[in-house]
Amino acid sequence: MAKIAPQAATYAATLKPARKRGWGRVSPYLFVFPWLFGFLAFTLGPLIFSLVISFFDWPIVGQVKFVGFGNYVEMFTQDSLFWKSFGVTVKFAALFVPLNIVVALGLAMLLNQNVRGSAFFRTAFYLPSVISGVALAMIWAWVYSGEYGILNFFLSLVGIDGPDWLNDTKWSLVAMVIASLWGQGSMMLIFLAGLKGIPKDLYESASIDGAGRFRQFRSITIPMLSPTVLFNLITSIIAAFQQLTLALVLTGGGPLKSTYFYAMYMYENAFKYFKMGYSAANAWFMFIIVLGLSFLVFKSSAAWVYYEGEIKSGSKPKSGARRRSA
């Protein structure tokens with residue numbers, strides 16, 4: 001018995017490090033598991049399920065029927081609202097995306113100036129982006145009102161008779177664009193962070209060489225900020241095609257379907273007409289369109305996005321740089 005006790009103690013001593021090694025291998029996966037479970041259960045799982053039901057006539061209540069590509073054929077050939085909503089969304093994106101980037105970049109450049117009160121204005125410009133979409137829509141309903149709207153009141157002070165923004169087919173989509181631009185505080189902060197990362201030595205060297213403000217902006221700010229522009233461009237395209245809340249609350253898609261966005265079209269097919277399979281097919285078409293546009297932007301980025309230290313294929317390194325790299 002006396003001989004067995006030291007052997008058991010030795011075995012237990014060697015077992016503890018092995019257990020520790022085993023726990024060390026498992027513990028990282030336990031920390032990742034909550035995110036992984038959420039991704040599988042609430043993102044990837046519903047994504048695959050929506051693809052499956054897009055091939056079915058899938059009412060909320062009733063018999064499920066396999067229709068193959070019938071939902072897609074109906075969408076492209078028989079549903080006029082599909083083309084109407086898609087056209088409205090494309091028009092909105094064509095106005096919103098460039099204006100959103102220009103306005104956000106302009107505000108970021110103003111807030112990048114070292115002046116008194118800049119911290120207050122950063123908070124003030126960012127604040128609308130944290131307001132809920134419904135509250136934002138209610139504020140703009142008051143601003144756009146043709147009877148008591150503050151926007152038409154200010155226009156009347158300069159002798160302009162403002163339109164009935166939300167009930168005029170010529171101005172309703174423009175009103176949606178302006179209201180959407182009001183909540184671009186997050187994009188403004190991303191641009192501001194990008195501007196802070198540009199070395200000031202570049203501007204000092206350019207000013208010594210005689211470059212003016214516009215030349216510095218064109219030759220330094222835009223190239224150095226181009227990766228940030230690429231990111232904001234992609235996110236703006238996605239946001240434009242997902243626009244729903246403002247139009248749903250402010251106009252309901254009117255007047256005369258002038259603000260009937262594609263996301264509203266999908267929403268009504270799913271929760272108004274209870275055509276879940278057809279709405280899933282609508283969603284996958286939008287996914288393919290956004291994916292294709294994002295792919296085109298990424299492919300074109302090789303021509304206009306510049307990363308620090310990158311040498312473009314068309315430019316030749318200097319002989320000294322070639323010798324150093326060798």
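The protein chain exposes about 20800 Å², of which carbon and sulfur atoms supply 68% (Shrake-Rupley method, 1.4 Å probe; for residues, only the protein chains shown count as cover). The model is predicted, so that local features need pLDDT of at least 70 and side-chain atom pairs count only at pLDDT 80 or more, while totals for chains, interfaces and linings use all residues. Residues are numbered from 1 along each chain as its sequence is written, and side-chain values use heavy atoms, with hydrogens and water left out.

The secondary structure of the protein chain comprises 14 helices and 2 strands (DSSP runs numbered from the N terminus: helices H or I, at least four residues; strands E, at least two). Of the 326 residues, 33% are buried (under 20% relative accessible area, with exposed over 50% and partly exposed in between; 1.4 Å probe, protein chains only). Among contacts with a separation of 6 or more, 67% link residues 24 or more positions apart, contact being heavy atoms within 4.5 Å.

Helix H2 (residues 70–77) and helix H13 (residues 276–304) have axes that come within 9 Å and cross at roughly 70 degrees (axes are lines fitted to C-alpha atoms, for helices over the stretch in contact; angles run from 0 to 180 degrees between N-to-C directions). H2 and H13 are therefore roughly perpendicular to each other (under 35 degrees is roughly parallel, over 145 roughly antiparallel, 65 to 115 roughly perpendicular and the rest oblique). The crossing is right-handed, a term for a near helix turned clockwise from the far one by less than a right angle, anticlockwise being left-handed. Asn-71, Tyr-72, Glu-74, Met-75 and Phe-76 of H2 meet Gly-277, Tyr-278, Ala-281, Asn-282, Trp-284 and Phe-285 of H13. These residues divide into 7 nonpolar, 3 polar and 1 charged (nonpolar: Ala, Val, Leu, Ile, Met, Phe, Trp, Tyr, Cys and Pro; charged: Asp, Glu, Lys and Arg; polar: the others, Gly among them).

Helix H5 (residues 133–144) packs against helix H7 (residues 172–181) at about 130 degrees, with the axes 11 Å apart. That angle makes H5 oblique to H7. The crossing of H5 and H7 is right-handed. Leu-136, Trp-140 and Tyr-144 of H5 contact Ala-175, Ile-178 and Ala-179 of H7, a set with 6 nonpolar, no polar and no charged residues.

Leu-105 lies in helix H3 (residues 80–111) and counts as buried because its relative accessibility is 11%. Beyond residues up to four places away in sequence, Leu-105 touches Phe-191, Phe-217, Ile-222 and Leu-225. The C-alpha atoms of Leu-105 and Leu-192 are 7.8 Å apart, across 87 residues of sequence.
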